[in-house]
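Here is a protein model to go through by question and reply. Each reply sets a value against its criterion and then concludes.

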Amino acid sequence: MWSFFARDPSKDFPYEIGEVLSNDLDRGRSLWSIHKGKKKSSGEDVSVFSFDAKNGVQLFELAKGAMKRFKTLRHPYILPFFDGFESDKGVYFATECVEPLEAHLSKLTLTGQQKALYLSWGIFQIARVLNFLLNDCNLRHNNICISSIYVNAAGEWKLGGLEYVSSVDEGPKVIQKTLPSLEKYNPPEFSDHSKQRFVSKFSGDMWGFGCLIWEAFNGPLPQSSSLRSLDKIPKPLIPVFNELTGPSPSNRPNPADVIDRLRRGGSYFSNNLVDALLFLEEIQIKDKNEKNKFFSSLTDKLDLFPESICRHKILPQLITAFEYGDAGSPVLAPLFKLGKMLPEIEYQKKIVPCVVKLFSSNDRATRIRLLQQLELFIDHLQPSTVNDQIFPQLANGFMDTNPTIREQTIKSFLHLAPKLNYNNLNVETLRQFARLQAKDDQGGIRTNTTVCLGKISPHLHPQIRQKVLISAFIRAMRDPFPPARNAGVLALAATQQYYLLQEVAARILPALCQLTSDPEKSVRDNAFRTIKGFLGKLEKVSEDPSLKESMEADVNTATPNSANSSATWTGWAVSAVTSKFYRGSVDKKCVSKSALPTDQTSSSTPSTGTSSINSSVDKDDVVKTPDSNTDLDDNWDGDNWGDMDSSPAKSRDVEVEVASGKNEGWDTEDWGSIEDVPEEATPTENASSWKQDFSSASKPASSYDWTAPASGGSSLTQRVETKAQSSDWDDAGWEPLEMAPKDDKMDEAKRKREEKKLQRQKELEARRANRTGGAMKLGSKKAYD
């Protein structure tokens, strides 16, 4: 009757018992069979150790005693006890996922220094747990060998096999092991009773520790005499190994002495892996300087460590140090490097929460390091996380008083732009870019704002792109800082596929022409190359109007054309600026080295789609900041590029007044080519010339002979002179052309213009004198002579 109401204890066991992974009892090495297991409530993977009562009463009692020891002994390097139960069928207990050390070493793929470091760390762990048992708990293990060691996912060696544990107080005695295969691990004094009086509390276990060291490098021990083979034992370990496996029990060292001797400088346990892991265990008692020094040096050492230890041991310690300690910004570099080892699901759980927390930090050093390493983790961030949690914090960097923060914030948008929503990218980001480009006092930041805007342009909404780009780049071309002007020119070239041909002719080319007389030669050279590319594009469409549609194919495209994009962006990158040149007092002298070097080439290539004008930028070039707090143009709206007045008809330097008159012969006049190029090589007649690189197809403006006759047969000076003489336009306010050395014809033309101007002034004065005087009556008509 009682058996009917008795409850099966396995029903209350909170773990599922799965298939058998290892059965050491069949091989006579251990009592236990190891099963796969899962926690019923969470699905967490575990290992379940089981013993079947059918294997004998004596072994059954050993198994029950072992489980009691697992319940009471707690140490980082002893198998942890989760839960267990006994029944008349056997003994079962759950622990973390582990595998026998023998099986683990047989499939170990580590080689060279990584393997040496890994084995030293494993042996060190067993030495520490033996020190705990013998010196702290006064317990003998009596079963130290390869079959009593297990390895978890983090590569940690855990001590098991607690079936034969005895108290030191019981005195020395010979342990009778029921498994015959374990007898080879018995120390010599077990068979030589004359040595029993020399036995210490640790002599037996230290003999087993020596056997374990031999097996770690050679595999399972076939017989005791094999311990004399030292070929594979590391030389720093041989002296201690000989003491451990010596015939005299009194000469075997205490585990505490072994650890102390092998931890001394240059010895076996003194290496980067053991030092790093011990530091992380004790990180809570380290001061801030020690932590900063450790984390700064850790990144380079990680490549030498086994991946399992990095991923499951070091990474969790770094996350804990960051979340609950004052590890600070130095922990970021190793944290992100190790994060690359994680699968996506684990990355989202472990690293992303740290990243979100970091962006809200007020520590500038942390923010700079975070922005500099954004490319390491941006691919793992979901767009919703970027827009809702990261962008609001990141946008504060635009207003930071530290120029380095502002610069790194700008650069970060190269990686963030593809993940930003419409409002954050097309409204908030562009509003900040407009303010920085117009009002930031650092020329390098204004330059990089222009560069970054050009690079993120494929991600902008087409309508916003049409409204912003030309105005923004023309503004950059008027910047007093030469590299900023260079950036504006190259940005126009790099984004040429987004402009209507009408805008090219009406807005872009007139603005570029102003830079052909720029004081900086690098700006002039880039302006000439870019003008040549745009002109070639217009000329080709003029010859074949059907190409206009393909030339403007990307203007209203929401996503960038992959072919054009790859050609356009080759080599075009943001340079490192502020980290190398910001100082407390800035030089008043503008350095001539540009962030956007002009020795790179640009080209215009015909295709069925939009032609590309490539511009290359050297990533390592440095911009230095001039001492200037001048805004670019006070008449421009600093927060709205779409409202900027960028009409090419206006010039900030010279105002031109044009009087009414007839345009005689201007539409039909053949102006020829501004370069001395053979007629058969012009883009109109030979399409292959479109594929020439700008740097090779164009020459500096200073190299042209402006007075030499072009292909049309007459010189530029002669044509200009002829026009000046034949035109009826009012010449008032026009500056004389000085494109060629003065000669008699030029003097004559100037004299005639002066005479005509005086004659017209006299005519106007005569007309005013002949007007009827007095006030005019309402409705009366004004009479003229």
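Q: Which residue stands opposite Glu 16 in E2?
A: Lys 38 in E2 stands opposite Glu 16. The model that shows this is a predicted one.

Q: What is the order of the strands in the open sheet of five?
A: The order is E1-E2-E3-E5-E4, with antiparallel pairing.

Q: Why are strand E1 and strand E4 said to stand at the edges?
A: Strand E1 (15–23) and strand E4 (83–87) each have a single partner strand, so one side of each is left without a neighbour in the sheet. From one strand to the next, the twist averages 25°.

Q: Which helix lies across E3, E4 and strand E5?
A: Helix H2, residues 57–72, lies across these strands. H2 runs at about 30° to E5, which spans 90–95.

Q: How do you know that E6 and strand E8 are paired?
A: Three bridges join E6 to strand E8, residues 149–152. At least two are needed, so these strands pair. They run antiparallel. Within this pair, Val 98 has Asn 152 in E8 as its bridge partner.

Q: Why is Asn 138 called partly exposed?
A: Its relative accessible area is 31%. Buried means under 20% and exposed means over 50%. The value for Asn 138 falls in between, so the residue is partly exposed.

Q: Why is Asn 142 called buried?
A: Asn 142 has 15% relative accessibility. The cut-off for buried is under 20%, so Asn 142 counts as buried. Asn 142 is in the loop between E7 and E8. Its phi is positive too, about 65°, although Asn 142 is not a glycine.

Q: How do you know whether Asn 424 is buried or exposed?
A: Asn 424 has 8% relative accessibility. That is under 20%, so Asn 424 is buried. Asn 424 is found in helix H17, residues 422–439. Leaving aside residues up to four places away in sequence, Asn 424 touches Asn 387, Phe 391 and Thr 429.

Q: How many cavities of 30 Å³ or more are there?
A: The count comes to three. The second largest cavity holds about 70 Å³ of space.

Q: Which residues line the second largest cavity?
A: Its lining is Phe 359, Arg 367, Leu 370, Leu 371, Gln 393, Leu 394, Gly 397 and Thr 409. Helix H14 (364–372) and helix H15 (383–395) each supply at least two of the lining residues. H14 gives the largest share, three residues.

Q: Which residues lie nearest the centre of the second largest pocket?
A: Asn 152, Ala 153, Ala 154, Gly 155 and His 312 do, out of 33 lining residues. About 900 Å³ of space lies in this pocket.

Q: What gives the most to the lining of the second largest pocket?
A: H10 does, with five residues. Strand E2 (33–39), strand E3 (45–52), E6, H4, E8 and helix H10 (307–324) each supply at least two. By class, this lining divides into 13 nonpolar, nine polar and eleven charged residues.

Conventions: Residues are numbered from 1 along each chain as its sequence is written. This is a predicted model: local features need pLDDT of at least 70, side-chain atom pairs count only at pLDDT 80 or more; totals for chains, interfaces and linings use all residues. Side-chain values use heavy atoms; hydrogens and water are left out. Helices (H or I, at least four residues) and strands (E, at least two) are DSSP runs, numbered from the N terminus. On a 1 Å grid over the protein atoms alone, a cavity is a set of points where a 1.4 Å probe fits but cannot get out, and a pocket is an open set with protein on both sides within 12 Å along at least five of seven lines; lining residues have an atom within 4 Å of a point. Grid points are joined across faces, edges and corners, and a volume is the space filled by probe spheres set on the points. Ala, Val, Leu, Ile, Met, Phe, Trp, Tyr, Cys and Pro count as nonpolar, Asp, Glu, Lys and Arg as charged, and the others, Gly among them, as polar. Axes are lines fitted to C-alpha atoms, for helices over the stretch in contact, and angles run from 0 to 180 degrees between N-to-C directions. Contact means heavy atoms within 4.5 Å. Buried means under 20% relative accessible area, exposed over 50%, partly exposed in between (1.4 Å probe, protein chains only).
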